[in-house]
Amino acid sequence: MTNNLSVVINSDAQQVWTMLREPAKVAQWHGWEADDQAAEINEIYFSPNVIEGADHTSLVVDGGDVFTLKPVPTGTELSVTRAAVDHNSEWAAWDEDITQGWLTFIQQLRFALERHPHGKRRTFFFSVPGNDGSAIEKLGLSDVPKPGETYSLTLATGEEVSGRVWFRSNHQVGLTVHHYAEHGEGLVIVADQPVIKDIRPEGGSLVIVSTYDLGAHQLESIRSYWDKWRAENYPTSDPLH
């Protein structure tokens with residue numbers, strides 16, 4: 001087992017477990033809205049290969065990665081331990097990509113449980129090729145404050161945003177955004193993706209925008225900012241979905 005990933009969630013272990021074991025709850029943090037999201041969730045978390053720990057503190061998902069829940073003074077530590085990869089397998093090239101994906105998703109889980117445990121998430125997602133540059137750099141997010149600190153800036157999209165830095169890592173930035181939710185905040189995660197030989201030789205970036213309880217006009221305004229910026233900076237990329 002390799003690549004331990006962990007977050008501390010300000011909730012008890014039972015609440016975290018529920019977020020892992022009810023498909024509708026998983027859909028509020030895993031990935032983003034897409035036609036195949038439900039099928040992907042079912043395959044990863046509810047297939048016959050999934051093993052639930054009897055005490056509800058461990059979960060082996062399809063593929064062998066292990067979620068572990070551990071009570072700590074400030075809530076529950078959720079860890080994902082990656083399964084060992086056969087470097088001769090077809091999945092070896094995707095290993096780091098999967099690790100980065102888990103980092104994104106467990107931060108989205110923490111956000112959903114701490115900020116919107118009963119909210120309905122609406123997402124925008126897009127990915128872009130790396131040969132046109134890092135999305136983190138192009139958006140002006142390379143020097144955001146430390147996690148937990150407040151920020152206020154004008155994104156390269158032209159949109160004024162403010163909130164707190166949710167997390168930072170070597171390749172990802174997560175920001176809460178005040179006006180991305182009717183009550184509380186929404187979440188934006190921008191991730192620069194690793195190079196995958198013969199598949200993604202230039203690397204790339206992705207953006208996940210999570211909003212909560214906004215009206216159609218607000219959603220369209222947010223979408224417009226992001227899609228216009230994407231089209232101008234990454235003209236070969238696909239539109240938001």
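Me: In this predicted model, which residues is Ser-210 in contact with, leaving aside its neighbours within four places in sequence?
Reply: Leaving aside those neighbours, Ser-210 is in contact with Gln-108, Arg-121, Arg-122, Thr-123, Tyr-180, Gly-186 and Leu-187.

Me: And where is Ser-210 found?
Reply: Ser-210 is found in strand β11, which covers residues 204–212.

Me: Is Ser-210 buried or exposed?
Reply: Ser-210 counts as buried, because its relative accessibility is 2% and buried means under 20%.

Me: Changing topic, what about Arg-230, buried or exposed?
Reply: Arg-230, whose place is in helix α6 (residues 216–233), also counts as buried, at 6% relative accessibility.

Me: What does the side chain of Arg-230 reach?
Reply: The side chain of Arg-230 reaches the backbone oxygen of Asp-238 at 3.4 Å, and Asp-238 is one of the residues that Arg-230 touches when those up to four places away in sequence are not counted, the others being Phe-126, Val-128, Pro-235, Ser-237, Pro-239 and Leu-240.

Me: How far is Arg-230 from Thr-157?
Reply: Their C-alpha atoms are separated by 8.5 Å, although Arg-230 and Thr-157 are 73 residues apart along the chain.

Me: How many residues are in the largest nonpolar core?
Reply: The largest nonpolar core has 34 residues, and those with the most contacts inside it include Leu-20, Phe-67 and Trp-102.

Me: Which element gives the largest share of this core?
Reply: The largest share, eight residues, comes from α4.

Key
Residues are numbered from 1 along each chain as its sequence is written. This is a predicted model: local features need pLDDT of at least 70, side-chain atom pairs count only at pLDDT 80 or more; totals for chains, interfaces and linings use all residues. Side-chain values use heavy atoms; hydrogens and water are left out. A nonpolar core is a set of buried Ala, Val, Leu, Ile, Met, Phe, Trp, Tyr and Cys residues joined through side-chain atoms within 4.5 Å. Buried means under 20% relative accessible area, exposed over 50%, partly exposed in between (1.4 Å probe, protein chains only). Helices (H or I, at least four residues) and strands (E, at least two) are DSSP runs, numbered from the N terminus. Contact means heavy atoms within 4.5 Å. A polar contact is a pair of N or O atoms within 3.5 Å; within protein, one must be able to donate a hydrogen and the other to accept it, and residues adjacent in sequence count only if both atoms are side-chain atoms.
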